[in-house]
Amino acid sequence: MKNLAYKLMLVCFAFLLVPVGIAEEEDECCDGLVEEAEATLEAAIVEITALAKLLGFALSDEETAELIEDAKRKFHELSKNPELAFEQQLKNLEIVIPELSGISSTWETKKKSTLFSELTIAIARHHKSNDKQITRLQATTQRLIDAVPEERLSVDMWIYTRSLVTNVQSIQGDLSMFEQESTEFLEMKERFLDWDPESDISSIDAFLTCVDSNRTKANKKVTKMFGTLANKMDRAAKSIEKMQRTDQDFSIEIFTTISNVFTPYIVGLSNLSRGIFSDNCYAKVDFELLDQIASNLGKDSR
Amino acid sequence: MNWRTIFLASTLLFIFFTSNSAVADDSISDNIAECEDLRSECLERVANLELGLKIIIDEIYKEWLKKCDAFYKNCIKVAKKVRSRNPIPGSGWVACQIARGACKGAAWVWKTGANLTKDIITGRGVAICNDVYSRCLVAAVSPFD
């Protein structure tokens, strides 16, 4: 009987440990991710220096070490204050998307769902989504907001919003950079044609066409992405409304439904950029041929 | 049979079953809430990581472009010096532009590759968060499994 009592005591003790076990899971979260990121960072810098050497203007060992240290420092600063980095990204977005003007100074006072709603609508408008698409995005967002309590919705919407801002800002930066490059290439094209109207500058034209199509692709892909998001939000809202009409507790199912709407985008949003810039416009330019044409022009006129 | 043993066993059984039902009623929902917090914390950290990597990649890319521009400026200086020997006006400028374009093209290729690596790391992070959440949930709803 004593044995039974001790066994029961052990079972109770093990039972008391269960919540501790859950808490311990916390330690497993994200372990090694920062180290992996730093290792990737160093590998990336090594790669870039190797590339620099190939192109004939190598970074010195000191410069490389400095770059690694600087990048690591920035990374740690950011981990301590991600909100500041987010605000900076919003400031950058305000420059290219005037509809967002002022959001970098007011975002902290807004509800996460409001911030999500305002950002998605402004970005969709900027990327030429039509009125019907905008209205649907607005309506489905509102339907989900109405169906789910803010505290439950805000986590996923916030993670999505951060990823959206990171990726959209990056896309805008790359689009502007290529458009700036276009003006340089256009000038180069004019020079070639001035020297010889028969010059084979088809690869410069290919670059210019590629840059033009990036903007069109960006508009199409962003509109399509928001269309898919609107459909997902609509389906989720409907299914949550249905769950809420019963007496059963569906809190886990509601949580999973919401996370299934937004979580795939944390990774998926970066595919958006890859899709827009899938054609490497620089690769369209035949630098060797252009160099050869320029050299031959010099020889011919001697 | 010792009465104290019987008393201890029955007390423990009482505690065990009452706490078991309490978990079913209250603690399970607390545990689930803990799992949700755990997941959101994890995703937040992944988002920080993604942003951190993105910023670093952009910094390096900017540095790279600066090198291309520095190379271009130097190239133009040289072109100006040898202009008298060059019969085509502007051909030096074009040669430097071509070299700069090639340099920027190489930087772009690097950036694309670096972003891909970033996305793989982010994807792995999200997968870890989902896994942590699922396992936490299993432990929360069936503590004896």
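User: Let's start with chain A: is the crossing of helix 8 and helix 9 left-handed or right-handed?
Analyst: Keep in mind that this is a predicted model. Helix 8 of chain A covers residues 150–195 and helix 9 of chain A covers residues 202–244, and their axes come within 8 Å. As for the handedness of that crossing between helix 8 and helix 9 of chain A, it's left-handed.

User: How many nonpolar residues are in the contact of helix 8 with helix 9 of chain A?
Analyst: Sort the residues of that contact between helix 8 and helix 9 of chain A by class. You get five charged ones and three polar ones, and the nonpolar count is 16.

User: What about helix 8 and helix 10 of chain A, are they roughly parallel or roughly antiparallel?
Analyst: The axes of helix 8 and helix 10 of chain A come within 9 Å and cross at roughly 5°. An angle under 35 degrees counts as roughly parallel. So the way helix 8 of chain A lies relative to helix 10 of chain A is roughly parallel.

User: How many polar residues does the contact of helix 8 with helix 10 of chain A have?
Analyst: This contact of helix 8 with helix 10 of chain A includes 15 nonpolar residues and two charged ones. That leaves the polar class, and its count is seven.

User: What percentage of chain A's residues count as buried?
Analyst: Buried means under 20% relative accessible area, so that's the cut-off to apply. Chain A has 302 residues, and the share that counts as buried is 45%.

User: Now for disulfides: how far apart are the sulfur atoms of C35(B) and C136(B)?
Analyst: The whole structure holds five disulfides over all chains. C35(B) and C136(B) form one of them, with a sulfur separation of 2.1 Å.

User: How many residues apart in sequence are the parts that C35(B) and C136(B) tie together?
Analyst: Find the two ends first: C35(B) sits in helix 1 of chain B (residues 3–81), and C136(B) sits in helix 2 of chain B (residues 91–141). C35(B) is buried at a relative accessible area of 0%, and C136(B) is buried at 0% too. Because the ends lie in those helices, the link ties together parts whose sequence separation, in residues, is 101.

User: Is the disulfide of C68(B) and C103(B) left-handed or right-handed?
Analyst: The sulfur atoms of C68(B) and C103(B) are 1.9 Å apart. Both C68(B) and C103(B) are buried. The torsion about their S-S bond is about -80°, so this disulfide is left-handed.

User: Which helix of chain B holds C96(B)?
Analyst: C96(B) forms a disulfide with C75(B), their sulfur atoms 2.1 Å apart. C75(B) is in helix 1 of chain B, and 21 residues away C96(B) is in helix 2 of chain B.

User: Numbering the bonded cysteines of chain B in sequence order, what is the pairing?
Analyst: Count the bonded cysteines along the sequence of chain B, then see who goes with whom. Written out, the pairing is 1-8, 2-7, 3-6, 4-5.

User: Moving on to rings, what is the angle between the planes of F86(A) and W107(A)?
Analyst: A search of the structure turns up 18 aromatic pairs over all chains. F86(A) and W107(A) are one such pair, 4.8 Å centre to centre and edge-to-face, and the angle between their planes is 70°.

User: Are F86(A) and W107(A) buried or exposed?
Analyst: F86(A) lies in helix 4 of chain A, and W107(A) lies in the loop between helix 5 and helix 6 of chain A. F86(A) and W107(A) are both buried.

User: Where along chain A does F262(A) sit, that is, in which helix?
Analyst: F262(A) forms an edge-to-face pair with F116(A), 5.6 Å centre to centre. Both F116(A) and F262(A) are buried. F116(A) is in helix 6 of chain A, and 146 residues away F262(A) is in helix 10 of chain A.

Technical notes: Residues numbered from 1 in each chain as written. Chains lettered and ligands numbered in written order. Predicted model: local features only at pLDDT ≥ 70, side-chain atom pairs only at ≥ 80, totals over all residues. Heavy atoms only, no water. Axes fitted to C-alpha atoms, helices over the stretch in contact; angles between N-to-C directions. Helix = DSSP H or I, 4+ residues; strand = E, 2+ residues; numbered from the N terminus. Left-handed = near helix turned anticlockwise from the far one by under 90°. Nonpolar A, V, L, I, M, F, W, Y, C, P; charged D, E, K, R; others polar. Disulfide = S-S within 2.5 Å. Buried < 20%, exposed > 50% of the residue type's maximum accessible area, 1.4 Å probe, protein only. Phe/Tyr/Trp six-rings, centres within 6.5 Å; stacked < 30°, edge-to-face > 60°. Parallel < 35°, antiparallel > 145°, perpendicular 65-115°, else oblique.
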